[in-house]
Amino acid sequence: MLAPEQFPGAPLQVWVSGDRVLVAPHRDRAELSASVDLDGPRHVLGSIGDRAVIAVDATRQAPPDGLEWIGLRGLNGLISDELWAIAARSVQVVEWDRTHRFCGRCGWETVPDPAERVRHCPNCGLNAYPRVSPAIIVLVTRGEDEEEALLAWGTRRTKPHYSTLAGFVEPGETLEQTLVREVREETGIEVDHITYFGSQSWPFPHQLMVGFRARYMSGEIKPQESEIRDARWFTPEQVEGVTASRGTFSIAGRLIDGWIAEQTARVGAGGGD
């Protein structure tokens, strides 16, 4: 494990409470607070330049004057992507350490290992590593000259918001098997021609989103009522007329924006004539 004294610069300390980090807010930006009068368990995450990066568990402590707690979602756009990723990792490591103080097998108090990021049970020997939950996320398309994309409005959102389909990997499944199963369960659609798109750490609370594209093979849309309020096929123009996941914050937005850019370029090149 790294030690702060290995780095000559002043440490960058990220103070964490739940899914929030302590920042100094400004009109249209924020700064991660490096030195404040709070205390708690500390975790060296790595380094940025010549500075150690340290996550500190300050759960339920009041912010000092001039500072405030801001959740990760609200922090997006207020700090750089690099610092947001550091804040997101800090939240996940602190939450793992806070929720694994006792062994899940025998109930004994666990102890941190000085050599690696793990909490060890001295009674039964169980090791608890930081949890990462893999999940697939997929943009399904159909058509040739004029493509459409399958987007859905999930039951977790009360207001209409359309996005790509996603789901957690079950024990014993490959990523591709999860993708086929999730699309079938949530919409009744069968897919093929699965291709990898990219991945994203998603700290809500500890997911690794693995993105794919897939092509429609067969079936009619039948939304799974417990998960999906509405699902339909959208042209790029129709996506512009609804609230949908867009932009670079999430891999869902990158999947949708990338597909729209492809279709716009195709039409511009005469492919849609």
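Guide: The expected span of a helix is 1.5 Å times one less than its number of residues. Helices (H or I, at least four residues) and strands (E, at least two) are DSSP runs, numbered from the N terminus. You are looking at a predicted model, in which local features need pLDDT of at least 70 and side-chain atom pairs count only at pLDDT 80 or more, while totals for chains, interfaces and linings use all residues. Residues are numbered from 1 along each chain as its sequence is written, and side-chain values use heavy atoms, with hydrogens and water left out.

Visitor: Thanks! How many helices and strands does the protein have?

Guide: There are five helices and 16 strands in the protein. Its C-alpha atoms fill a box of roughly 65 × 50 × 35 Å along the principal axes. With contact taken as heavy atoms within 4.5 Å, residues 24 or more positions apart make up 61% of the contacts with a separation of 6 or more.

Visitor: What does H2 reach from its first C-alpha to its last?

Guide: H2 covers residues 81–99. These 19 residues reach 27 Å, close to the 27 Å expected. For H5 (251–268), the 18 residues should span 26 Å, and the end C-alpha atoms, 25 Å apart, agree with that.

Visitor: Which residues of H2 are buried?

Guide: First, the general idea: an α-helix has 3.6 residues a turn, so residues three or four places apart point the same way. Buried means under 20% relative accessible area, exposed over 50%, and partly exposed in between (1.4 Å probe, protein chains only). In H2 the buried residues include Trp84, Ala87, Ala88, Val91 and Val94. H5 has its own set, among them Ile251, Leu255, Ile256, Trp259 and Ile260. Over the 273 residues of the protein, 42% are buried.

Visitor: How many residues has the largest nonpolar core?

Guide: A nonpolar core is a set of buried Ala, Val, Leu, Ile, Met, Phe, Trp, Tyr and Cys residues joined through side-chain atoms within 4.5 Å. The largest one here has 42 residues, and Val21, Leu75 and Val239 have the most contacts inside it. H2 gives the largest share of this core, eight residues. Another core lies apart from it, with 16 residues that include Val140, Ile189, Ala214 and Ile228.

Visitor: In what sense do strands E14 and E15 pair?

Guide: Strands of a sheet pair through backbone hydrogen bonds, either parallel or antiparallel. Two strands count as paired if DSSP finds at least two bridges between them. E14 (residues 190–202) and E15 (residues 207–218) are antiparallel over ten bridges, with glycine 198 opposite glycine 211. Four residues form the hairpin that joins E14 to E15.

Visitor: What is the volume of the largest pocket?

Guide: About 1,100 Å³. On a 1 Å grid over the protein atoms alone, a pocket is an open set of points where a 1.4 Å probe fits, with protein on both sides within 12 Å along at least five of seven lines; lining residues have an atom within 4 Å of a point. Grid points are joined across faces, edges and corners, and a volume is the space filled by probe spheres set on the points. Of the 36 lining residues, Arg156, Arg157, Thr164, Ala166 and Trp202 are the closest to the pocket's centre. Elements that each supply at least two residues of the lining include E10 (133–142), E11 (148–154), H3 (175–187) and H5.
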